[in-house]
Amino acid sequence: MFEKSIENYLCSHSCERLHLRAVLFDMDGVLFDSMPYHADAWAEVMNRHGLHFTRQEAFLHEGRTGAATINIAYQRQYGQDASPELIQQMYQEKCEAFARHPEARPMPGTAELLQQVKAAGLIPVLVTGSGQRTLLDRLNHQYPGIFSPERMVTAFDVKHGKPDPEPYLMGLQKAGVQAHEAVVVENAPIGVQAGHAAGIFTIAVNTGPLDGQVLLDAGADLLFPSMQTLCGNWEDFRRATTIVLSTANDRAINDQR
Ligand code: MG
């Protein structure tokens with residue numbers, strides 16, 4: 001059932017098959033159910049500073065750097081970027097507002113998926129735009145032995161945040177693999193754009209309130225409604241990745257008969 005999506009990817013990237021060796025995971029909304037808290041924190045701080053910004057927008061712009069998120073609201077209202085001082089002040093307030101929420105819970109289904117990934121000998125890599133120490137520190141506690149520090153890309157590593165492909169290209173580099181040897185697991189439109197732009201097969205999981213079509217429009221190769229459904233389908237997906245493009249072409253010919 002996943003062959004068609006894989007064939008489409010292979011055709012448009014002129015490669016014969018996916019040699020799956022690494023899985024690149026986003027953090028917020030994938031590893032942790034933290035997005036509702038981020039959305040609350042953004043809306044609270046933006047409104048406190050007189051900027052119009054809704055929770056829904058926080059989900060739409062998830063994955064952008066703090067500065068970029070602030071400037072979307074600031075540009076819209078004042079036609080210019082916010083000053084570096086204001087950006088720093090607001091981002092600090094946003095982090096404080098986020099920290100006042102209870103600890104974000106691990107996303108249901110994720111621990112099981114990470115176990116499957118690890119058991120299959122695949123390399124898990126973290127690729128997040130977040131510089132939120134509280135969550136980064138909890139990674140090893142919540143998912144022990146999964147992500148090693150040298151296989152993490154965070155806000156501290158990249159010059160260009162998502163939707164730029166840089167974070168995912170760096171993730172490939174840290175895993176020592178090429179684009180057709182990895183898949184991305186993302187929940188945000190901008191993250192999907194980044195994975196897609198990096199030339200990687202990108203799986204979207206719609207763990208928030210957005211319409212799934214937004215994720216497909218952003219370039220997702222596959223869409224699941226939750227991490228649990230991705231986990232439940234993972235083995236089938238992995239088997240499907242062994243498909244070779246010539247076989248895919250034969251099948252297309254057979255289908256036409
Ligand atoms: Mg995310």
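## About the model

Residues are numbered from 1 along each chain as its sequence is written, and side-chain values use heavy atoms, with hydrogens and water left out. Because the model is predicted, local features need pLDDT of at least 70 and side-chain atom pairs count only at pLDDT 80 or more, while totals for chains, interfaces and linings use all residues.

## The magnesium site

Four protein residues supply donors to the magnesium ion: Asp26 (OD), Asp28 (O), Glu62 (OE) and Asn187 (OD1), at 1.9 to 2.1 Å. Donors here are N, O and S atoms within 2.8 Å of the metal (3.2 Å for Na, K and Ca); water is not among the atoms, so sites may look incomplete. Along the sequence, the donor residues follow the spacing D-x1-D-x33-E-x124-N.

Asp26 is buried, at 4% relative accessible area, and Asp28 is buried too, at 8%. Buried means under 20% relative accessible area, exposed over 50%, and partly exposed in between (1.4 Å probe, protein chains only).

## The two sides of helix α7

Helix α7 spans residues 133-142, and its buried residues are Leu135, Leu136, Arg138 and Leu139. They sit on the same side of α7 because they cover an arc of only 165° around the axis, taken from the directions from the helix axis to the C-beta atoms. The face turned away from that side carries exposed Arg133, Asp137 and His141. Helices (H or I, at least four residues) and strands (E, at least two) are DSSP runs, numbered from the N terminus.

The buried residues of α7 pack against α2 (35-48), α5 (84-99), β2 (123-127) and β3 (152-153). Arg138 has a relative accessible area of 10%. Beyond its neighbours within four places in sequence, Arg138 is in contact (heavy atoms within 4.5 Å) with Phe32, Glu103, Ala104 and Pro106.
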